[in-house]
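Please keep the sequence and the model at hand while reading.

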Amino acid sequence: MISTDIAIIGAGPVGLFAIFEAGLLKMRCHLIDYLPQVGGQLSEIYPKKPIYDIPGFPSVLAQELIDNLMEQAKPFHPGFTLGERIEGLEKRGEADFVLTTNMGTVIEAKVVVIAGGLGCFEPRKPAVAGLEKFENGRGVNYMILDPEKYRGQKMVIAGGGDSALDWTIFLAEVCSELTLVHRSESFRGAPDSVAKVMELAEKGKINLVLNSNLNAVHGEGKLESVEIIHNKTMETTSVEADHLIPLFGLSPKLGPIEQWGLNISKSAIEVNVDDYSTNVPGVYAIGDINTYTNKLKLILCGFHEAALMSHSAYQYMNPGVKYTMKYTTVNGVSEF
């Protein structure tokens, strides 16, 4: 069981900045995110996108901003549970919460902060009958957490974006056999990545199947083969596979959050603008996932919300206690 002062649901830029603000007040944070890495949309969808509205930075790349936020949070030693989604939230007593993930991880916290951007990112699943039978460790996954898991294995990747191309290039040297399936002849990914995938196919290091879709999955207890159908000829081909990774992007959804008794309006959580608290004492919502009059969905605004939330959370955890913030430098190293 993990114990912390503040459990932050969402490891995007606003959640990461909340670590710093809470750390200044000597509150420990543990972040939980369904994605396998920190950064939220910035890292997963557009890591090389320039951002122009961060104070002090005329322009900063999305991933560079995330890297800087992680460096800023480092002195406060946050904890992370990645690749897992919060399924349950239970309040015990006046100021204690128990959160449970889909993988069974249990986190105790005094305060819960929902900083999930537009919500929990869930994979877009292809319309293939019986796919769910091979999820949860039986061969079908929608993100890659540990590439070494696939060493010497037979792999099918489906998709035509940057994630599909990048993982194909990387796993070509890891898997014993790798097949990339794409519905058309053109890719959405970076031209350089497309060229590398084509070169791998020409050298026979991967099987490249174009103008085709996933049609069926087969196996007894675990995945054994993937059936592929050609879009034009409608001919089907069966490929032996230990693993299938459909990489068709992510879609934001509130998910289990909708069942937590929070006031929700148009798929966003209503908050008090004094401190971004919700109708459930001890639960806050910051960033794009919350809503209030004149709400602006800007990272800058999320940072502001994180600061006010942290001060309110401190008072919630320590009623009637005044706080102080100290900043010192010891041998050139900043300490708080």
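Val 217 belongs to strand β13, which covers residues 212–218. The model described here is a predicted one. Is Val 217 buried or exposed? Its relative accessible area is 9%, and the cut-off for a buried residue is under 20%, so Val 217 counts as buried.

Several residues touch Val 217 from elsewhere in the chain, leaving aside those up to four places away in sequence. Among them are Val 128, Ala 129, Gly 130, Leu 131 and Phe 134. Leu 223, Ser 225, Val 226 and Leu 244 are also in contact with Val 217. Ala 129 lies 88 residues from Val 217 along the chain, yet 7.6 Å separates their C-alpha atoms.

## A parallel sheet of four strands

Leu 244, one of the contacts of Val 217, also takes part in the pairing of strand β16. An open sheet is built from four strands in the order β12-β11-β10-β16, with parallel pairing. Its edges are β12 (207–209) and β16 (243–246), each of which pairs on one side only. On average, neighbouring strands of this sheet are turned by 15° against each other, direction ignored.

Strands of a sheet pair through backbone hydrogen bonds, either parallel or antiparallel. Here, β10 (residues 154–158) pairs with β16 in the parallel sense over four bridges. Val 156 has Leu 244 of β16 as its bridge partner, and Ala 158 has Pro 246 of β16.

In a regular strand the side chains alternate between the two faces of the sheet. In β16, His 243 and Ile 245 are on one side, while Leu 244 and Pro 246 are on the other. These residues are all buried, and both faces of β16 are covered.

## Nonpolar cores

The largest nonpolar core has 60 residues. Which of its members touch the most others? They are Ile 6, Ile 8, Leu 99, Ile 114 and Ile 286. Elements giving two or more residues to this core include the strands β1 (2–9), β2 (29–33), β7 (96–101), β8 (106–114) and β20 (283–285), and the helices α1 (13–24), α3 (62–73) and α6 (299–317). With eight residues, α1 gives the most.

Apart from this core lies another, of 19 residues, including Ala 172, Leu 178, Leu 200 and Ile 206.

Ile 6 has contacts beyond four places in sequence with Ala 22, Met 27, Arg 28, Cys 29 and His 30, among others. Ala 109, Val 111, Val 113 and Ala 313 also touch Ile 6.

## Helix α3

The twelve residues of α3 should span 16 Å at 1.5 Å a residue. The C-alpha atoms at its ends are 17 Å apart, which agrees with that figure.

Ala 62, Leu 65, Ile 66, Leu 69 and Ala 73 are the buried residues of α3. Viewed down the helix axis, these residues fall within an arc of 100°, so they line one face of α3. An α-helix has 3.6 residues a turn, so residues three or four places apart point the same way.

Most residues other than glycine have a negative phi. His 77 is not a glycine, but has a positive phi near 50°. Asn 211, also not a glycine, has a positive phi of about 55°.

His 77 sits in the loop between α3 and β5 (79–82), and its relative accessibility of 68% makes it exposed. Asn 211 sits in the loop between β12 and β13. Asn 211 is buried, at a relative accessible area of 12%.

Conventions: Residues are numbered from 1 along each chain as its sequence is written. This is a predicted model: local features need pLDDT of at least 70, side-chain atom pairs count only at pLDDT 80 or more; totals for chains, interfaces and linings use all residues. Side-chain values use heavy atoms; hydrogens and water are left out. Two strands pair if DSSP finds at least two bridges between them. Axes are lines fitted to C-alpha atoms, for helices over the stretch in contact, and angles run from 0 to 180 degrees between N-to-C directions. A nonpolar core is a set of buried Ala, Val, Leu, Ile, Met, Phe, Trp, Tyr and Cys residues joined through side-chain atoms within 4.5 Å. Buried means under 20% relative accessible area, exposed over 50%, partly exposed in between (1.4 Å probe, protein chains only). Contact means heavy atoms within 4.5 Å. The expected span of a helix is 1.5 Å times one less than its number of residues. The arc is that of the directions from the helix axis to the C-beta atoms.
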